[in-house]
Amino acid sequence: MIKMNVQNLLNEKDKTRYWLVKQMQTTYKTVNKICDNTLSGLQLETIEKLCEILDCTPNDLFLFE
């Protein structure tokens, strides 16, 4: 199963979900779905934006379990 690793990245950088909402200019609901692994799909634009904001690669965003 593929899971998002965004919450771990936020924790490592001492950043909050609220901070990510502001950086992404999106809703808290969307960030919660990303961090809680409850989203049903993810656009490439969103992956790119997350990588830029969190200063990481797409490989860092995902975990394969």
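**Entry 1: overall fold**

I counted five helices and two strands in the protein, taking helices (H or I, at least four residues) and strands (E, at least two) as DSSP runs numbered from the N terminus. The radius of gyration is 11 Å, close to the 11 Å that the globule rule gives for 65 residues, so the protein is as compact as a globular protein of that length. For that figure I used C-alpha atoms, and the globule rule is 2.2 Å times the number of residues to the power 0.38. Read along the sequence, the order is β-α-α-α-α-α-β.

I kept in mind that this is a predicted model, where local features need pLDDT of at least 70, side-chain atom pairs count only at pLDDT 80 or more, and totals for chains, interfaces and linings use all residues. Residues are numbered from 1 along each chain as its sequence is written, and side-chain values use heavy atoms, with hydrogens and water left out.

**Entry 2: whole-protein numbers**

I looked up the extent of the C-alpha trace, which spans about 30 × 25 × 20 Å along its principal axes. The protein exposes about 4600 Å², and carbon and sulfur atoms supply 49% of that area (Shrake-Rupley method, 1.4 Å probe; for residues, only the protein chains shown count as cover). Of the 65 residues, 29% count as buried; buried means under 20% relative accessible area, exposed over 50%, and partly exposed in between (1.4 Å probe, protein chains only).

I also checked contacts, meaning heavy atoms within 4.5 Å. Among those between residues at least 6 apart in sequence, 57% join residues at least 24 apart.

**Entry 3: helix H4**

Which residues of H4 are buried? In this helix (residues 44-54) I found Ile47, Leu50, Cys51, Ile53 and Leu54 to be buried. Their cover includes strand S1 (2-4), H1, H2, helix H3 (28-35), helix H5 (58-61) and strand S2 (62-64).

Cys51 counts as buried because its relative accessibility is 11%. Leaving aside residues up to four places away in sequence, Cys51 touches Cys56, Thr57, Pro58 and Leu61. Tyr28 is 23 residues from Cys51 in sequence, and their C-alpha atoms are 18 Å apart.

**Entry 4: Arg17 in helix H2**

Is Arg17 buried or exposed? Arg17, in helix H2, has 18% relative accessibility and so counts as buried. I found a polar contact of 2.8 Å between the side chains of Arg17 and Asn32. A polar contact here is a pair of N or O atoms within 3.5 Å; within protein, one must be able to donate a hydrogen and the other to accept it, and residues adjacent in sequence count only if both atoms are side-chain atoms. Not counting residues up to four places away in sequence, Arg17 touches Gln7, Leu10, Tyr28, Val31, Asn32, Cys35 and Asp36.

**Entry 5: loop residues**

I turned to backbone angles next. Most residues other than glycine have a negative phi. Gln25, in the loop between H2 and H3, has a positive phi near 55 degrees. Gln25 counts as exposed, at 71% relative accessibility. Just after H4, Asp55 takes a positive phi of about 50 degrees, although Asp55 is not a glycine. Asp55 sits in the loop between H4 and H5 and is exposed, with a relative accessible area of 68%.

Last, I noted Lys15 in the loop between helix H1 (6-12) and helix H2 (17-24). Lys15 is partly exposed, at 35% relative accessibility.
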